[in-house]
Amino acid sequence: MTTKRGPGPEFVSNPFIKKKNLEWSLDLSRPTHSSDESSSDELVDTEPRPDEDRPETSAVEAGEAELESHLEYFSKRLIRAMLSPFPPGMPRLSIEGFRSLYEANSDNPKGAHFIVHQHDHPIAGTHYDLRLQINETSSASWAVMFGLPGDPNSKRLNRNATETRIHCLWNHLIETASASTGSLLIWDTGTYTVLPPRERGHGRGRGKQADTDSQSSEAEDTSPELTEQEKLHRAFQTRKIRIRLNGTRLPHNYVLNLRLTTTDDIAGRAKSARPAMRRSRRGGASRGRGARGRGRGKGKGKAVAPMTSSDSDSDPEGEADDNEAEVVKAPAEEAEGEDVSAMEREIRELADETVRRTNAYAGATNSIGSVHQRRWYLSLDRPACGFAKRREAGRVVWESETRGGSVGKGAENSDGRLTFPFYVRGVEVERSVMTGRIGADALRDWGVEGFVGRKGWRPVLN
């Protein structure tokens with residue numbers, strides 16, 4: 001019998017592989033990228049991303065993952081995201097100061113933590129979330145489209161502040177980014193102090209010294225036995241909140257008025273009591289865009305917004321004419337386009353119904369009686385911030401009592417803290433006090449490509 005010939009010495013097992021390719025080898029000792037490598041695209045593809053750790057941040061935010069310490073978890077991500085060198089000439093809160101601030105207020109019935117988040121959402125658009133601690137574990141939240149006011153002579157001193165969901169306090173620790181929610185940065189954080197309501201007629205027909213004496217007397221708390229949370233609850237029920245924010249970026253002695261008119265209170269409660277619209281299973285994201293377009297064209301879903309001067313404790317001058325344009329719409333009302341099972345959809349609808357009914361996300365407690373999407377008005381308390389008004393060329397001008405003259409160009413202190421007047425300029429300019437990043441930096445760090453934000457946002461510069 002003829003035997004089978006064995007393989008020759010030049011036998012190639014796969015005729016489609018070139019011999020020179022067999023000489024390739026992998027060099028595993030080479031670093032991922034060097035500091036002098038070329039493009040930013042390479043950094044996006046090769047740099048370790050936060051979401052490679054477990055559990056994923058999205059799961060933590062959704063309440064689907066348990067953590068022993070939210071502070072430890074998010075502190076590590078903030079440290080990793082810090083720019084080096086840190087951008088010069090801007091305020092910075094160290095990670096040690098950040099941790100101490102949160103530890104002193106979290107799980108504390110006397111805690112008074114606040115945060116201002118810059119949120120560039122693809123549907124709701126750019127806005128600034130002001131969040132105030134209301135109990136040991138939760139915070140009330142208002143969305144302010146153009147950010148906090150900083151010019152006492154602004155033509156748009158009053159801003160719409162849309163009441164949103166009650167958040168868990170650990171949300172104050174977050175900086176994140178995704179294609180579906182956009183970028184979220186810590187614009188400022190610190191503690192708040194609730195001030196007693198201002199007396200009617202304060203500062204009218206009196207001199208500067210009388211204003212100063214009245215201002216100092218009002219700053220003295222008439223209820224020292226109450227905690228800041230209790231004072232906030234009391235002021236919230238009267239729908240008039242006067243609050244000082246002691247932050248890292250905001251000027252010293254920065255005081256705001258938050259007020260809710262009777263008409264907007266009734267309209268907000270009626271809107272919140274309506275049954276939730278069932279989300280369409282077809283159309284997905286395109287339906288969401290179409291719904292927004294129809295809303296603008298036909299005027300559906302507009303909040304009732306008649307002004308009632310009897311409810312106002314602020315100067316009526318400077319009210320925004322285009323108030324409806326400043327209302328931050330709730331992105332949760334948009335349709336979802338992802339394919340999920342019937343059981344998963346039912347579970348989500350039940351969870352959404354609980355959130356809608358309580359106006360609180362999972363783990364948070366609505367102990368203050370917050371109502372979703374009520375439209376408050378936020379304004380700078382000019383006398384409390386150290387300004388007095390005088391007449392100049394037939395118009396009222398607010399001037400700084402400490403400077404002894406009218407307000408000039410805004411500046412920053414040696415520590416980068418803002419001074420009056422200041423202006424919030426949006427995601428392309430404003431940086432995080434923790435990491436020094438702008439919105440685009442956060443999107444890049446999280447590997448988000450091709451993000452398209454909502455158009456039309458303009459800073460208020462007058």
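Q: Let's start with Asp441: does this residue count as buried or exposed?
A: A residue counts as buried when its relative accessible area is under 20%. This model is a predicted one, and in it Asp441 has 15% relative accessibility, so this residue counts as buried.

Q: Where does Asp441 lie, and which residues does Asp441 touch?
A: Asp441 is part of helix H10, which covers residues 439-445. Leaving aside residues up to four places away in sequence, Asp441 touches Leu83 and Arg431.

Q: How do I read the two sides of a helix? Which residues of H7 are buried?
A: Begin with the helix itself. H7 runs over residues 262-273, twelve residues in total. From its first C-alpha to its last, H7 reaches 17 Å, close to the 16 Å expected at 1.5 Å a residue. The buried residues in H7 include Asp264, Asp265 and Gly268. They cover an arc of only 105° around the axis, which puts them on the same side of H7.

Q: What covers the buried residues of H7, and which exposed residues does the face turned away carry?
A: Strand S10 (375-380) is among what covers the buried residues of H7. The face turned away from the buried side carries Ile266 and Ala273, which are exposed.

Q: Now for the rings. How is a pair of aromatic rings described?
A: By two values: the distance of the centres and the angle of the planes. The count here comes to eleven aromatic pairs. One of them is formed by Phe74 and Trp170, with 6.2 Å centre to centre and 15° between the planes, and this pair is stacked.

Q: Where in the chain do Phe74 and Trp170 lie?
A: Phe74 is in helix H3 (residues 70-81), while Trp170 is in the loop between strand S5 (167-168) and strand S6 (176-178). The two are 96 residues apart, and their pair links distant parts of the chain. Phe74 is buried, with a relative accessible area of 3%; Trp170, at 13% relative accessibility, counts as buried too.

Q: What does a tilted pair look like, as with Phe236 and Trp376?
A: Their ring centres are 5.3 Å apart and their planes meet at 35°, so the pair is tilted. Phe236 belongs to helix H6 (residues 228-238) and Trp376 to strand S10, so the pair ties together parts that are 140 residues apart in sequence. Phe236 counts as buried at 3% relative accessibility, and Trp376 is buried with a relative accessible area of 0%.

Q: Which residues form an aromatic cluster, and which residue lies over the face of Tyr73?
A: Tyr254, Phe387, Phe420 and Phe422 form one aromatic cluster. Over the face of Tyr73 lies Arg77, at 3.6 Å from the ring centre.

Q: How many helices and strands does the protein chain have?
A: The chain has ten helices and 13 strands. Of its 462 residues, 46% are buried. Among contacts with a separation of 6 or more, 72% come from residues 24 or more positions apart.

Q: Where does pLDDT stay under 50?
A: One stretch is residues 209-217, for which the model has eleven contacts beyond four places in sequence. Another is residues 280-322, with 65 such contacts. Over the protein chain, pLDDT averages 79, and 66% of the residues score at least 70.

Technical notes. Residues numbered from 1 in each chain as written. Predicted model: local features only at pLDDT ≥ 70, side-chain atom pairs only at ≥ 80, totals over all residues. Heavy atoms only, no water. pLDDT = per-residue confidence, 0-100. Contact = heavy atoms within 4.5 Å. Helix = DSSP H or I, 4+ residues; strand = E, 2+ residues; numbered from the N terminus. Expected span 1.5 Å × (residues − 1). Buried < 20%, exposed > 50% of the residue type's maximum accessible area, 1.4 Å probe, protein only. Arc of directions from axis to C-beta. Phe/Tyr/Trp six-rings, centres within 6.5 Å; stacked < 30°, edge-to-face > 60°. Lys NZ or Arg CZ within 6 Å of the ring centre and 35° of its normal.
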